[in-house]
Amino acid sequence: MGRKRKLKAGVTIPPNKDPEIEQKVRKFVERRLFHVTGHAKKRMENREVTILEILQVLKRYRRDAKHDEYKEYDSGGNQINRWSYAFKGKTLDKRTLRIAVSLITEQERSLLIVTVIDLDI
């Protein structure tokens with residue numbers, strides 16, 4: 001999988017180049033094993049994006065790896081130490097969305113939809 005990288009304060013993190021991330025995300029979407037964060041729900045409402053549009057992008061389009069991010073803490077200050085993976089694609093009405101997702105780490109049992117960005121705004 002590649003070399004591990006170090007963050008400040010000696011935290012070691014795995015590389016974000018998981019060759020199976022797209023397959024894992026699609027599996028969770030097909031099985032409806034996902035949760036939407038409160039932040040993502042707010043963004044969906046603000047940007048008038050439906051869950052069906054999000055699922056469409058996650059099922060049909062590829063990862064936008066240059067926007068993957070490692071997060072030590074969530075917005076509430078809770079330590080999470082996990083990668084957020086970005087997917088980018090078009091909805092049926094041709095809107096371009098970027099969706100950030102994470103795998104919930106307890107044996108990667110479900111998908112967490114972290115945020116939704118409408119790139120056409």
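This is a predicted model: local features need pLDDT of at least 70, side-chain atom pairs count only at pLDDT 80 or more; totals for chains, interfaces and linings use all residues.

**Entry 1: the whole chain**

What share of the 121 residues of the protein chain count as buried? I found 43%, where buried means under 20% relative accessible area, exposed over 50%, and partly exposed in between (1.4 Å probe, protein chains only). Residues are numbered from 1 along each chain as its sequence is written, and side-chain values use heavy atoms, with hydrogens and water left out.

I then looked up the secondary structure and found 3 helices and 7 strands. Their order from the N terminus is β-β-α-β-α-α-β-β-β-β. Here helices (H or I, at least four residues) and strands (E, at least two) are DSSP runs, numbered from the N terminus.

The accessible surface of the chain is about 7,800 Å², and carbon and sulfur atoms hold 48% of that surface. Such areas come from the Shrake-Rupley method with a 1.4 Å probe; for residues, only the protein chains shown count as cover.

I also checked contacts, meaning heavy atoms within 4.5 Å. Among contacts with a separation of 6 or more, 52% link residues 24 or more positions apart.

**Entry 2: strands and their partners**

Which way do β6 and β7 run? They are antiparallel, and 8 bridges join them. Two strands pair if DSSP finds at least two bridges between them.

On β3 I found a parallel pairing with β7, through 3 bridges. Val 36 has Ile 113 of β7 as its bridge partner. I also noted that β7 is mostly covered, with 7 of its 9 residues buried.

Next came β4 and β5, an antiparallel pair joined by 4 bridges. Glu 69 has its bridge partner, Ser 84, in β5. This hairpin has 5 residues between the strands, and Gly 77 takes a positive phi near 85 degrees there.

**Entry 3: the largest pocket**

What is the volume of the largest pocket? I read about 490 Å³. The search uses a 1 Å grid over the protein atoms alone, and a pocket is an open set of points where a 1.4 Å probe fits, with protein on both sides within 12 Å along at least five of seven lines. Grid points are joined across faces, edges and corners, and the volume is the space filled by probe spheres set on the points.

The lining has 20 residues, each with an atom within 4 Å of a point. His 39, Lys 71, Ser 84, Val 114 and Thr 115 lie nearest the centre. The elements that give two or more residues to this lining are β4 (69-73), β5 (79-90), β6 (96-104) and β7 (110-118). By class I listed 8 nonpolar, 7 polar and 5 charged residues. Nonpolar covers Ala, Val, Leu, Ile, Met, Phe, Trp, Tyr, Cys and Pro, charged covers Asp, Glu, Lys and Arg, and the others, Gly among them, are polar.

**Entry 4: buried residues**

Leu 58 sits in helix α3 (residues 51-60). This residue counts as buried because its relative accessible area is 0%. Beyond four places in sequence, Leu 58 touches Val 25, Arg 26, Val 29, Phe 87, Ile 99, Val 101, Leu 111 and Ile 113.

Met 44 belongs to helix α2 (residues 38-47) and is buried too, at 13%. From Met 44 to Ile 54 I noted 9.2 Å, C-alpha to C-alpha.

**Entry 5: positive phi in loops**

Arg 32 is not a glycine, yet has a positive phi of about 60 degrees. Its place is the loop between α1 (21-30) and β3 (34-36), and at 54% relative accessibility Arg 32 is exposed.

Lys 94, in the loop between β5 and β6, has a positive phi near 70 degrees. Lys 94 is exposed as well, at 61%.
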